[in-house]
Amino acid sequence: MTTIKAPRWFSKTKKVDAAQKDEAFFRASQWQLVWWKFRRHKLAQMAMVVLGILYFIAIFAEFVSPFDPLHRMKEFTGMTPSPIRIIDAQGSLRFPFVYKPIQARDPETLRPIYKEDTTQLFPIKFFVQGDDYKLWGLIPGNIHLYGTGLQPDNKIIPVFILGADTLGRDVLSRIFFAGRISLTVGLIGIVLAFFFGLMLGGLAGFFGGLIDEVIMRVIDVLISLPQIPLWMSLAAALPQDWPQLQTYLYVTVILSIFGWTSLARTVRGKLLSLREEDYVMAARLDGEHEGSIITRYMLPGFASYIIVSLTISIPGMILGETALSFLGLGLQSPIISYGVMLQDAQNLQTISQLPWLLWPVAFVVLAVLMFNFLGDGLRDAADPYVT
Amino acid sequence: MTENLIEIKNLRTYFHLAEGVVRAVDGVDLNIKRKKTLGIVGESGCGKSMMSLSLLRLVPSPGKIEGGEILYHHTVHENQDNALSSVVDITKLDPMGKEMRSIRGNQISMVFQEPMTAMSPILTIGRQITEVITLHQKVNQAEARNRAIEMLARVRMPKPERVIDDYPFQLSGGMRQRAVIAMALCCQPQMLIADEPTTALDVTTEAQILQLMRDLQEEFGMAILYITHNLGVIAEIAEEVAVMYLGKVVEQTDVKSIFYQPLHPYTRALLQSIPQLKDVLLRHDDARRLQTIKGMIPDPYQHLKGCPFHPRCPEAILGVCDTVEPKVIQMGEGHIVRCHLYDK
Amino acid sequence: MTNPANKSEPLLEVQDLKKYFPIKRGFFKRVVGHVKAVDDINLHIMEGETLGMVGESGCGKTTAGRSIMRAITPSSGKVMFRDPILGLVDVAALDDKDLMHVRRSMRMIFQDPYASLNPRMTILDIVGAPLRAMGLFHGKQLEDRVAEILDLVGLRPEYMRRYPHAFSGGQRQRIGIARALAPSPTFIVCDEPVSALDVSVQAQILNLLQDLQGKLGLTYLFVAHDLSVVAHICNRVSVMYVGKMVELAPTRDLFVSPLHPYTEALMSAIPLPDPRPRTKRVLLSGEVANPASPPSGCYFHPRCSYCQDICKTEEPAFKELTPGHFVKCHRAAELNLTGVSEILEH
């Protein structure tokens, strides 16, 4: 039985003396402790920043993208990623710029190829005017984050950082918009998983007995079903004439089936163990009624585990949506998601000629990786009372 | 042959952590005599467990033996009449090396507090004992199994031929502890280290195990280093006692003197703070208050000047006890104490 | 609080208390037997007294304490408690509304200071929980009451803003005691309150419990396995073995002249902090009986050195042999057992 001092991972930003730091530690609530422990995990911190950027882009996609994702530019079909130059024809250093591309035809393959017209350079500017848009379908505007701006005679000088696809659409703009679907499908999915998982896991853990048995066996059956075939058959049952939003929600529900099962198990397991804790018995003897005991005494005990479980199931949903749409079973054009974009990259010819169409893969990998790092960090910090 | 089996001189085992340095063992001098039982008494944080782990070079990282010597006078049987002893400094051995491994389990064994976690749950008792035997002795499996059954019988395990094929979870706490003792003694070690082996047991089982250990000590002629916080158990089993506080030995003497003539204020305070049955017989209806030691065990990262016990000592001498570290003082027949009160 | 005229009547009287746990097997959880954790115990405690309950693992003492508190529901039997508001009631049979009243006066202190405090609540919330849940205090008054109680157990009132992780084992146990005392109870079940503490901290907590008993007129049921602790703090002691109460007597009588062979073995097994050699040792053979399938007749007979034929077939009755001294043994009247004094005297 020794005197207690604040551990190293609990620090305050202001320079405080040891006694103040100890007292702050003594008065730190569970969430404060979780936060300070989470901050140790540098990878998770970085993941949070990266994910923050990805979601910012997804929210403000209209602004961040130089082009409307559905804007087909015949004059630039299949264009390679725009070479962004900083040294001009005379050899002097300039702010990044592009030349106007001139379309020509490859004599052998008859594919469009592009040469640069070096007579005039067009600097890349920020906050330029471009395609009109309505932010979230509500707020009209036409300022974009970057581009070459409006040109006289309405000609477009494109900055295709990741190239254009076979219909002349900017790949990067489409990727930014794809984030809206692919990254949010996971979020809505976990909301559904949360409700089902908490409810069913809570019932199983709280009542035990037959209810517990039934729910657990249903979960066992569900998770032993092969995932992709199950998704495929459910998605194949999708009527083709449904409005896009409905399709999107249906796909989300399908994906969350596997998410809630792991959460339900976590909730049930934690409930069963917490029920036996002395402090729960003490609470009953104090006169607290069951509802209060669940919310004040038991739920806080596994709230952080719920967050971890949900965070870890998001990558699965992102990958699931990508896989389904890639196979043509989930979302379709004109909705844009990473999977839908990858449909264009399904044949060998396209990939060999327009390899930049595979860029959505990088973004999927990035998002999934970041969620995994985040989940790792949260898991480590989930129980701050276990040293 | 020397009287001392092990001589510990100024042993220091420190843990260098991000928060600071924990001096788990901070300058311990101890002699463990052959065939005798030395009891180590102390509360949590006094370093008794770390010291025993240091003896077997099992200190978990980031702990390290920073200094001192552990001289092991082990017997080398040349022939029947002339048993020599040769010395090896355990602190200088490679903890994973052949020599150290031939000491562990073979010449010096250890028994822990929790028998359930000390044994593998997926191997039978027999497998675990025969593993120790075949590791150190050149016998085949069948002979090892026989020796294992014999060992189980010697620790008075009921039905040893059946228990040998049981798993740890099938046995009760007392039986598991017997199995662990059998594992520790199957190679007839020269010393047994017992770290709180009966703390987790019921009192009647504890009495059985203590009796067993006393009998086995006679049978095997081995030394026992018995670590506990229970002064009653110390009185039962130890012949000599060392009291530890914050990594140092503060008093050491034979068991009778510790109880009848305790010198160090910490020893005295410990004795006064335990409820004693003899008071039940002597007292009248008013309850006797237990004497408590004021304060708490201090923060392990803080290294106080002077005597480590001075903030809690009822007899601390201001200006002396809080500045100067007390030396080891000889007080008569093998009675040493580390306290300024006895410094002439 | 209590009517002075009731001082001669017990504050708590337990009659034929049983708690059986069903053993379920198979997918459909069929009940194949029962673990008889508490099997017919009878005791009474007078106001201001401390009754000890000792026994080894599996004896049922913790289950008995919890059944008496109705933290778990007894299988059968009566727990007659003299509540300051409701009068004499049977706690085992109360409806929820009345049970809430009794929970004010019957409180519990737990063994594990690390598991008995919700790590996510402040000390104010923990100690104030009974006051709030029972509707006794609110707001500022509740804070004042919590400050008062913390002071009573030797903690500084400003500690109420802290969380349990700020405190050592001994301090946490004080918080647990404060929580027990908050609604001004008359009776407290102490479930091994010092077993998990260091020796020096044990002494502090035992002294605290004794002081509080004197100050507040509390009555304790003290469940423990350390016989020296029990001898120190209890007026009377009961001994449990595999769900049965085998002996009940004033402390001195139990330790000096035990009447049950199991008590004799317990006394003999206690490691005394006194290095004088002990001559009359009774060492038990065998293991503690299994409460799911106990032996026939007297549960202790397989390990008893005084066993006779009748012990194997017939369960002895719990009888008062000498005033205040109860024992459950066929041969109690004729045996001359060794107590502690004979062991110590030399």
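Reader: Leaving aside its neighbours within four places in sequence, which residues is Asp165(A) in contact with?

Author: Please keep in mind that this is a predicted model. A contact here is a matter of distance, since two residues are in contact if their C-beta atoms, placed from the backbone, lie within 7 Å. Once the neighbours within four places in sequence are set aside, Asp165(A) is in contact with Val171(A), Asp344(A), Leu354(A) and Leu357(A). Asp165(A) itself is found in the loop between strand S5 (139–147) and H5 of chain A.

Reader: Does Asp165(A) count as buried or exposed?

Author: Burial is read from a count of neighbours, and a residue is buried if 20 or more other C-beta atoms lie within 10 Å of its own. Asp165(A) has 23 C-beta neighbours inside 10 Å and therefore counts as buried.

Reader: Which residues touch the most other members of the largest nonpolar core?

Author: To read a core, one looks for the members with the most contacts inside it. The largest nonpolar core has 292 residues, and those that touch the most other members are Ala182(B), Met191(B), Leu225(B), Leu221(C), Phe222(C) and Val230(C). The largest share of this core, 14 residues, comes from helix H5 (residues 171–207) of chain A. If the neighbours within four places in sequence are left aside, Met191(B) is in contact with residues including Leu5(B), Ile32(B), Ile108(B) and Leu225(B).

Reader: In what order do the strands of the open sheet of chain B lie?

Author: Strands of a sheet pair through backbone hydrogen bonds, either parallel or antiparallel. In chain B, eight strands form an open sheet in the order S6-S7-S8-S3-S9-S10-S12-S11, with mixed pairing. Strand S6 (108–111) and strand S11 (329–330) of chain B stand at the edges with a single partner strand each, so one side of each is left without a neighbour in the sheet. Within the sheet, strand S3 (residues 37–41) and strand S8 (residues 223–228) of chain B run parallel and are joined by five bridges, and Ile40(B) has Ile227(B) in S8(B) as its bridge partner. Helix H7 (residues 173–185) of chain B lies across S6 and strand S7 (191–195) of chain B, running at about 170 degrees to S6(B).

Reader: In what sense do strands S10 and S12 of chain C pair?

Author: Strand S10 (residues 244–250) and strand S12 (residues 325–327) of chain C pair in the antiparallel sense over two bridges, and Glu247(C) stands opposite Val327(C) in S12(C).

Reader: How far apart do the C-alpha centres of domain 1 and domain 2 of chain C lie?

Author: For domains, one reads the bounds, then the separation, and then the contact. The domain assignment of chain C gives domain 1 (4–234) and domain 2 (263–344), and their C-alpha centres lie 29 Å apart. In the contact between them, 11 residues of domain 1 of chain C meet seven residues of domain 2 of chain C. The largest share of the domain 1 side, five residues, comes from S2(C). For chain A, the assignment gives domain 1 (65–169) and domain 2 (173–381), with C-alpha centres 38 Å apart. That contact takes 13 residues from domain 1 of chain A and 13 residues from domain 2 of chain A.

Reader: How many residues does the contact take from chain C and from chain B?

Author: The contact takes 36 residues from chain C and 37 residues from chain B. On the side of chain C that touches chain B, the largest share, seven residues, comes from H6(C), and by class this side has 20 nonpolar, 11 polar and five charged residues. As for the other pair, nine residues of chain B are in contact with six residues of chain A.

Notes: Residues numbered from 1 in each chain as written. Chains lettered and ligands numbered in written order. Predicted model: local features only at pLDDT ≥ 70, side-chain atom pairs only at ≥ 80, totals over all residues. Helix = DSSP H or I, 4+ residues; strand = E, 2+ residues; numbered from the N terminus. Nonpolar A, V, L, I, M, F, W, Y, C, P; charged D, E, K, R; others polar. Domains from an automatic or database assignment. Pairing = 2+ DSSP bridges. Core = buried A, V, L, I, M, F, W, Y, C linked by C-beta atoms within 7 Å. Buried ≥ 20, exposed ≤ 12 C-beta atoms within 10 Å, placed from the backbone. Axes fitted to C-alpha atoms, helices over the stretch in contact; angles between N-to-C directions.
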